[in-house]
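Colleague: I have a model open and some time to go through it. Can we take it piece by piece?

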Amino acid sequence: NYPAVLLAYVAAALDRIEPIHPAVLRALASPSAAITVPPRLTSAIAAMRRPVTLVLDHLESVTNRECLDSIAQLALGLPAGSQLAISSRDTLPLPAARLRAQGGVVEIGVGDLAMGEQEARLLLEGAGVELVDEDLRELVQRTEGWPVGLYLAALARKAGSPHTEIGLTFTGDDRFMGDYLRSEFLDRVSRAEVSFLTRTSVLDRMCGPLCDATVGETRSSLVLEELECRNLLVLPLDHRREWYRYHHLFRELLATELQRREPEIVPELHLRAAAWCEANGMPEAAIEHAQAAGDADRVCRLVLSVANPVWASGRADTVLRWMEWFESQGLVERYP
């Protein structure tokens, strides 16, 4: 996070490939290094006789504005054939939009890094775990192809019985998965953000207004956008960044944390979500939340309002599931 130090390391890396002019190296020791060195370093790269690839890893650790500006100058000034490869947990404030419009940037995101079944099989076999096709398919679905999740599932299998199933039974609160998610995600956010994350775990999909209504916030849209930019397993469901969801394993951990920290508020959170969904034309989601809250009167009212059209649309199983809920709660006689 000191421009001169960062640029000195960049210059040293490039100097190993082809000597950097001594004047550039001397300039790094001057008080004005942050101002004078980036264009001179870019010129030095342009003068190299062969293309280079400069790799900057863990760039989320760089928060100094002058450092980021210097990196942006390097990115915009690279000559044809050379590349700047950046790895970061967070979305960085670099001129990606300009480079994207010029066809000068390749972005590799979560979806690109997700493993398919064949890749997952190779990873698991490398960790000493073999699964039949059905179990492998279930595990890939549970982890959404997340390599870390697959590997931790393999560790969970090896730590337990050799016959332990790790498909649908592998969850976000598994010992290995839970420890990783807590250390790599929950420990990186503020107490207020932890509260937001755990309380919104009652939602299977969420938008800013729904989160506002559920947790009593006023700026949830901005919070969701920021959490997504920081790659905290918050996944957008549309191109407008309106609706989001949590990674399945992360949501399971958050739900477990909510039950551990504030079990008494869970019904109230579901009640608020049900009220918002009902008021915003989402009766089926409202039914799910009302059931979770135990609000039988609201469930009955909503089911009566939508049961016929849902049945007529061919979704008889959905209606039957609603009826079975009344039976399981012993409410059939109360709502004949």
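Modeller: Start at Arg205, whose charged end sits over the ring of Trp243, 4.2 Å from the ring centre. Sitting over a ring requires NZ of Lys or CZ of Arg within 6 Å of the ring centre and within 35 degrees of the ring normal.

Colleague: Before going on, what kind of model is this, and which pLDDT limits apply?

Modeller: This is a predicted model, in which local features need pLDDT of at least 70 and side-chain atom pairs count only at pLDDT 80 or more, while totals for chains, interfaces and linings use all residues. Residues are numbered from 1 along each chain as its sequence is written, and side-chain values use heavy atoms, with hydrogens and water left out.

Colleague: Back to Trp243. Which strand has it, and are the faces of that strand covered or uncovered?

Modeller: The strand is β5, and both its faces are covered: Trp243 and Arg245 are on one side, Tyr244 and Tyr246 on the other, all of them buried. Buried means under 20% relative accessible area, exposed over 50%, and partly exposed in between (1.4 Å probe, protein chains only). Helices (H or I, at least four residues) and strands (E, at least two) are DSSP runs, numbered from the N terminus.

Colleague: What is the strand order in that sheet?

Modeller: The order is β3-β5-β4, in an open sheet of three strands with antiparallel pairing. β3 (206-207) and β4 (234-236) are at the edges with a single partner strand each, so one side of each has no neighbour in the sheet. Two strands pair if DSSP finds at least two bridges between them.

Colleague: How many bridges does β3 make with β5?

Modeller: Two, in the antiparallel sense, with β5 covering residues 243-246. Met206 has Tyr244 as its bridge partner, and Cys207 has Trp243.

Colleague: And β4 with β5, how many bridges there?

Modeller: Three, again antiparallel. Val234 stands opposite Tyr246. The hairpin of β4 and β5 has six residues between the strands, and Arg241 there takes a positive phi near 55°.

Colleague: Where does Leu233 lie, then?

Modeller: Leu233 lies in the loop between α13 (220-229) and β4. Its phi is positive, about 60°, although Leu233 is not a glycine. Leu233 is buried, at 12% relative accessible area.

Colleague: Switching to aromatics. How many pairs does a search of the whole structure find?

Modeller: Seven aromatic pairs. Rings of Phe, Tyr and Trp (its six-membered ring) pair if their centres lie within 6.5 Å; planes under 30 degrees apart count as stacked, over 60 as edge-to-face and the rest as tilted. For Trp146 and Phe185 the centres are 6.3 Å apart and the planes at 65°, so this pair is edge-to-face.

Colleague: Where do those two sit in the chain?

Modeller: They are 39 residues apart, and the pair links distant parts of the chain. Trp146 is in the loop between α8 (133-143) and α9 (147-159), and Phe185 is in the loop between α10 (175-184) and α11 (191-199). Both Trp146 and Phe185 are buried. One aromatic cluster is formed by Trp146, Tyr180, Phe185, Tyr246 and Phe250.

Colleague: On to β1. Is its pairing with β2 parallel or antiparallel?

Modeller: Parallel, over four bridges, with β2 spanning residues 83-86. Leu56 has Ile86 as its bridge partner. β1 (residues 53-56) has a covered face with Leu54 and Leu56, and an uncovered one with Thr53 and Val55.

Colleague: What about His58?

Modeller: His58 is in the loop between β1 and α4. Its phi is near 55°, positive in a residue other than glycine.

Colleague: What caps the N-terminal end of α4?

Modeller: Asn64 does, with a side-chain oxygen 2.8 Å from the backbone nitrogen of Glu66. Helix α4 (residues 65-77) has buried residues Cys67, Leu68, Ser70, Ile71, Ala72, Leu74 and Ala75.

Technical notes. A polar contact is a pair of N or O atoms within 3.5 Å; within protein, one must be able to donate a hydrogen and the other to accept it, and residues adjacent in sequence count only if both atoms are side-chain atoms.
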